Amino acid sequence: MILSVKEIIDATGGKLLSGDINLTISGISIDSRTIKEGELFIPLKGENFNGEMFVEDALKIGSASLTESVNNVGRYNKPVIFVDNTKEALHKIAKYYREKFQIPFIAVTGSNGKTTTKDMIYDVLSMKYNVLKTQGNFNNEIGLPLTIFRLNKKHDMAIVEMGMSGFGEIRRLKNIADPNVAVYTNIGVAHIEKLGSRENILKAKSELVENFKEGYTVILNADDDMLVKLTNKKGPQYITYGIDNGDVKAFDIEYKEESVKYKVIIDGYMMDVELNVPGKHNVYNSLAAICIGIKFGVNKEDMRKALAEFQPSAMRLNILDVSGIKVINDAYNANPGSMKAALSVLKEYKDRRKVAVLGNMLELGEYSDLAHEEVGKYVKDENIDVLITVGEFASKIAEGAIKSGMDVENVMICKNNVEAYEKIKKIMRNNDVFLIKGSRGMKMEEIVKFLQESANK
C-alpha cells in the first residue's frame, strides 16, 4: 500500500504535529516490536495496554505515527498526526484505502463455520482469480482493517470474515469493507450471553445486509430456520443452499470417518463433490463456496478440484494419527452447534472406541447450563463410548449425558487440563479415537499435545 501523510490526515481528520506532510507510507503497524521502515504506527489502547507508550520506540524504525496526545507536538522529526481516537482512525484509514479498489468484496458471517467457509470460498475463487482473504480469524475491528491494508492492484476480489459479540460490530465492519456479497453460514447461540436470544443474534448479523441494494447478493443457508427470514428483504439477489432446502442442494450424501461425498446439480449438470474433511457441517460450508463459484463463473471442474484439495486451518477438525490412536483436534473454539458437529464426526468411527474430551463453552450466559446439558445428551445419542469433561461449566455436559442414560463409569469430570491428563493416562488404549474440543480460553490444544507426547512414549 502507498498512502501519503496528507491522505492519512484527510482520511482521519487529524492534525499534523510534526514532520513532512508529503511523506508516503508503505504499510500500517499496530505493534512497535515488529514495525518496519516506511510504516505508520497506530498506537491502540486496550484494557491492559496503551500503545501511546511505544510511539517513540516505533518511530526509531517506522516512518510516522498517530497519537492521541498533543504532548507529542514537535517532539519528533518524523510525521506525527494527532487524532481523537486511534481505533476510529484505523477504521477511517482502512475505509479510505478500500475505496481505492473497485472490486467485488465478499463478507462471510454466522455463528459457526465462518473461517472454514471463507477458506473454501477462497480456494474455489482462486482457481480463476487473484483473491485477498482474511488471514486466520482476523475478523474483528482490528483484524479486518489490517486485512484491507494488504490489498494491492493485483487483487481481483477480496473475501473477509466478520465476527461479532454484540450489536453494532457487524455494522462497523460493513462500513469499513463495503461488501457487495454477503454469505451467511447459520445462526446459533454463540455470544448469546450478550445478545439474549437467537432472534437478537440474527438481528445483529443482519447489520451486514443493511442498505444492500439491487445488484448486491446474499447467499445463505436455507436449512437454518432463522436465516430464511432474511429473504424477505427487498433489493439484493438471494442464492440459497442446503440439504433439505435451497437453490443449490446436496443429495446422495455419504458420510465417512474422514471425508464426505455428495452430489449437487448446477445448471442441469450433476457434479460429484468429495471433501477430504468430514461432517455434515462441511457439506454446508462447501455448498456456500459452490454458490460463490457459480456467481463468479468458476468452472465446475475447477470448483470440484478446489474442494477436493481443501485443507482446514489449524485446530479445526485436524485429524492426527499418533502411534496407534487418532486425535481429532478441534480445539480452536466451541459453542453448542460446533460441539454437536464435531461429535457427529466422532461417531463415524465405527470400529474404534470413541472418547470425547470436552471443555467449557463460554459466553452462553443464562443459557449455559441448558446448552451444556444438551451437548451431554448429544454425546449419548451419538453413542460416544467415553466422555471426559474439563471445567466447571462442562460438568453439565457430564450431567446431561448421565441423565440421558450414559453409563456413569464412562463419564469423568475434571476441573482442569492437568486432571484430564491423569484420566486419559488411565484409560487410553491402542486404536482409540479422541475428540478434543472446548472454548478458546480452555487451551484444549494442551491436551492434544499431551496425547501426542504420551502416545509416542
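# Exercises on a predicted model

The structure holds four aromatic pairs; rings of Phe, Tyr and Trp (its six-membered ring) pair if their centres lie within 6.5 Å, and planes under 30 degrees apart count as stacked, over 60 as edge-to-face and the rest as tilted. This is a predicted model in which local features need pLDDT of at least 70 and side-chain atom pairs count only at pLDDT 80 or more, while totals for chains, interfaces and linings use all residues. Residues are numbered from 1 along each chain as its sequence is written, and side-chain values use heavy atoms, leaving out hydrogens and water.

**Exercise 1.** Classify the aromatic pair formed by Tyr97 and Phe101, and state whether these residues are buried or exposed.

*Solution.*
- Step 1: The centres of Tyr97 and Phe101 are 5.1 Å apart, with 70° between the planes, and the pair is edge-to-face.
- Step 2: Tyr97 and Phe101 are both buried (buried: under 20% relative accessible area; exposed: over 50%; partly exposed: in between; 1.4 Å probe, protein chains only).
- Step 3: Together with Phe149, Tyr97 and Phe101 form one aromatic cluster.

**Exercise 2.** Classify the aromatic pair formed by Tyr421 and Phe450, and locate its two residues in the chain.

*Solution.*
- Step 1: Tyr421 and Phe450 are stacked, at 4.6 Å centre to centre and 20° between the planes.
- Step 2: The pair links distant parts of the chain, with Tyr421 in helix α14 (residues 417–427) and Phe450 in helix α15 (residues 445–455), 29 residues apart. Helices (H or I, at least four residues) and strands (E, at least two) are DSSP runs, numbered from the N terminus.
- Step 3: Tyr421 counts as buried because its relative accessibility is 18%; Phe450 counts as buried because its value is 12%.

**Exercise 3.** Describe the surroundings of Thr217.

*Solution.*
- Step 1: Strand β12 (residues 217–221) contains Thr217.
- Step 2: With a relative accessible area of 0%, Thr217 is buried.
- Step 3: The side chains of Thr217 and Gln237 are joined by a polar contact of 3.4 Å. Such a contact is a pair of N or O atoms within 3.5 Å; within protein, one must be able to donate a hydrogen and the other to accept it, and residues adjacent in sequence count only if both atoms are side-chain atoms.
- Step 4: Beyond its neighbours within four places in sequence, Thr217 is in contact with several residues, including Asn180, Phe212 and Lys295 (contact: heavy atoms within 4.5 Å).
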